[in-house]
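Let's walk through this model together, one question at a time.

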Amino acid sequence: PSLLKQVWVNLIGNAIKFTGHKSSRIIEIGCDTGEGEEVVYYVRDNGAGFDMKYYNKLFGVFQRLHAAGEFEGTGVGLAIVQRIVRRMNGRVWAESKVDYGATFYFSLPEVKPIA
């Protein structure tokens, strides 16, 4: 539970941080249980976003896609998210457009009740 809490803290914290320059922040948190073997969770915002051509750097340690003076942080938050989610047999990914925000997703295997 504490590791999963850290995933949410990092993703929601990023959404708050990267919407800081917007006059009206919009942050949406949700999930989709769908029909599959996993549950997909997401955090969507209308913040700064990032250029998808740098996606391969997104979950790397100390990788920043914005100038250090523009947004505070160390560049380890998303790497921590990825490591935790993978440890729980899940996956993590993102979609974004510069100046239009980003959506970060992570999935975890669906827990089936024991009959």
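Q: Is Asn89 buried or exposed?
A: A word on the ground rules: this is a predicted model, in which local features need pLDDT of at least 70, side-chain atom pairs count only at pLDDT 80 or more, and totals for chains, interfaces and linings use all residues. Residues are numbered from 1 along each chain as its sequence is written, and side-chain values use heavy atoms, with hydrogens and water left out. Buried means under 20% relative accessible area and exposed over 50%, with partly exposed in between (1.4 Å probe, protein chains only). Because its relative accessibility is 66%, Asn89 counts as exposed.

Q: Where is Asn89 placed, and what is its phi?
A: Helices (H or I, at least four residues) and strands (E, at least two) are DSSP runs, numbered from the N terminus. Asn89 sits in the loop between α2 (77–87) and β3 (91–97). Asn89 is not a glycine, yet its phi is positive, near 65 degrees.

Q: How do the buried residues of α1 fall, seen down its axis?
A: Val7, Asn10, Leu11, Asn14, Ala15 and Phe18 are buried in α1. An α-helix has 3.6 residues a turn, so residues three or four places apart point the same way. The arc is taken from the directions from the helix axis to the C-beta atoms. The buried residues of α1 line one face of the helix, because they fall within an arc of 130 degrees.

Q: Which elements do the buried residues of α1 pack against?
A: The face turned away from the buried side of α1 carries the exposed Ser2 and Lys5. Contact means heavy atoms within 4.5 Å. The buried residues of α1 pack against β1, β2, α2 and β4.

Q: Over how many bridges do β1 and β2 pair?
A: Two strands pair if DSSP finds at least two bridges between them. One of the bridges here joins Ile27 to Asp45 in β2. Strands β1 (residues 27–32) and β2 (residues 38–45) are antiparallel, and the number of bridges is six.

Q: Is Ala94 buried or exposed?
A: Ala94 lies in strand β3 and touches residues including Phe50, Met52 and Phe104. Because its relative accessibility is 4%, Ala94 counts as buried.
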